[in-house]
Amino acid sequence: MTLDPESAQPGTTPGTAEPASVEADWRRLHPLSPLLRGGIALIVIAGIVIANLRDRLIELFVADDFVGESGDVLDLIDYLAEEGLILLALLGVLLVIACIVFFSWLSWRFHTFRISGEAVEERSGILFRQHRRAPLERIQSVNLQRPLLARALGLTQVDVQTAGQGGKVGLRYLAHAQAKEVREQILRARARSTDRTDRSGSGIAASPAFVGTGTPADRAPSPAGQDPAAAAPAAAATETPGGIVHDLDRRAQDFVDFDIDAEALHSGSLVRVPVGRLIGSIALSWDLLVPIVMLLVSLVAGIVWQPYALGVAVPLVLVLGGIAFNQFNRGWGFTLSRSADAIRVGAGLTATNTETVPLSRIHAVEAQQPLLWRPFGWWKVRITTAGHSVAQGGQNRLQNLVLPVGREAETLDVLMTVLPGFGDGGAAGGAADLAEREALRDALVGAGSGFVGAGARAGWVLWLGRRRAGLQLVGGGIAVETETETETGSGSGTLTDTDVAAWASLRIRRGALTRSLSIMPLIRTQSLQLRRPLVHRALGLASVQAHTVLGPVRMEMRGLERGAAQDVFDAFAAAVVRVQGEDASRRAGGGSGSSAVGASVGNVPGTGNTPGADAGTPATGTAPVSEERT
């Protein structure tokens, strides 16, 4: 039985070390969660095995008594009736069902979770206890997953992704309204934890407010400060039931719920993908075109050369159908909305997935345009966030997508949404937003003004992508002059753009068959690398790469002239040191430090200045490791 936190001793704060109040914070999952986690699958698998191996099992165990003189297997029901074993068989079946129900109940009884002021915790296990803990400051995203069976039962899985490898806390399963409420509690708890960390670093007293499950603050928030996204599930949870009709109506509403952020729905800041565009993008994607070409080759070979080649067509058709349905199923009903400090991505036809990613946890973003999408002006956008396991490698393209297919204007909207400092009505202002949008449009579909282009011999390593390839460092006050060659021809370009920007970033554009624009805030840089592989060394070229967390977005520019690559590397390293140093000073000083916007690093190669020697750069090592390898 779950205790009421208000029953704690007077003067104790919920979530403190008092045993009663701590135990009161623990809650259990939905009673049907054990069956959905494995009980139903076990029953189905056992039924399939018994149905398919029935004759073999009978011959193996009771061959002499169970097989007639003609060798035919007798009917199981007839045999039990003749031997008088019907009652014992029914008792055995009931005993098995009772054991399944008992152990399922026992598993549910020992599986609890809570949201404290420091972490999201989960305890499970009967004989071997497990205790998983996700610290609030390391939470990268909170996702709601609804497989088809769970969706039909009105249940939802809450996945809490952390920055550690494989550090996921999965709450399987909760009622849909409760799952949405738990998600909002986790996000609010994380926001308050981050606020307390910033306040403690700046010497400001932290707020004593505690956000946990079952606390009075969460059960009765003030109307003025209540999150609109959490108001709907809270209201639904306290609604008085109205019988079977009401339950069926609520279940139907939960089944079709697209989980759109309430603020975004009210303000109209949504990005949706029409069904026709989704189908067209799937048909014209490389994932489907390659199997189609292979299928046509096998058909032609089977007709003209050997009929045996037609045998390859059957598995290829199955592969095509699987790829097409999988992408359509995951892209159906796609919506992207933004709250004050996070983005919410939701999609799915049979099984739905809603991912809420705090903006501060986005490490890199990339827009891609396959060749056959170009006439329609379609792009897709994906991001890199921490929290994926090494096995996944952060390379799950469907999971990392924040826009499966969109027009140029929608793509720019998404880029402006996920980039820090823009599109949020912050200090940058509307003029800076317009300037940044034009800069992004030029980098995406224009000539790439201000980008450092690839070297003259880069065609041997970049092939048709040499003319588009380029690198640009925006913000940080760095200006490295170098000769560039872009789609508009040769000329003098600069490595950086001096437009006002809230955060400095690295931008790389490349590709011929699939065009792309990759952007990474310098504050997310973990290390830098200048390398010269064998072919690059023979051609007098070099490659510059910035490393962040493991993910699908690769920040690397190949084919740079060696001298230009060295200048880029030195300026990039100095900019990262300066930007991250300014951020560390701002956090330590409670925002008193100067902004990294337009800061003059003063370490341009050839000027005689020493990187990091400026008085504004902290003496402590806040910058990533810079590495040069040949």
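Helix H13, which covers residues 286–304, has 19 residues and reaches 27 Å from its first C-alpha to its last, close to the 27 Å expected at 1.5 Å a residue, where the expected span is 1.5 Å times one less than the number of residues. Helices (H or I, at least four residues) and strands (E, at least two) are DSSP runs, numbered from the N terminus. The model is predicted, so that local features need pLDDT of at least 70 and side-chain atom pairs count only at pLDDT 80 or more, while totals for chains, interfaces and linings use all residues. Residues are numbered from 1 along each chain as its sequence is written, and side-chain values use heavy atoms, with hydrogens and water left out.

The buried residues of H13 are Leu 288, Leu 289, Pro 291, Leu 295, Ser 298 and Gly 302; buried means under 20% relative accessible area, exposed over 50%, and partly exposed in between, with a 1.4 Å probe and protein chains only. Their cover includes helix H12 (275–283) and helix H14 (313–331), with contact meaning heavy atoms within 4.5 Å.

Turning to the strands, an open sheet of 7 strands runs in the order E7-E6-E5-E11-E10-E9-E8 with antiparallel pairing, two strands being paired if DSSP finds at least two bridges between them. Its edge strands, E7 (169–175) and E8 (270–272), each pair on one side only. Within this sheet, strand E9 (residues 335–338) pairs with strand E10 (residues 342–347) in the antiparallel sense over 4 bridges, and Thr 335 has Gly 346 in E10 as its bridge partner.

Finally, Arg 250 is found in helix H10 (residues 244–255) and is partly exposed, with a relative accessible area of 33%.
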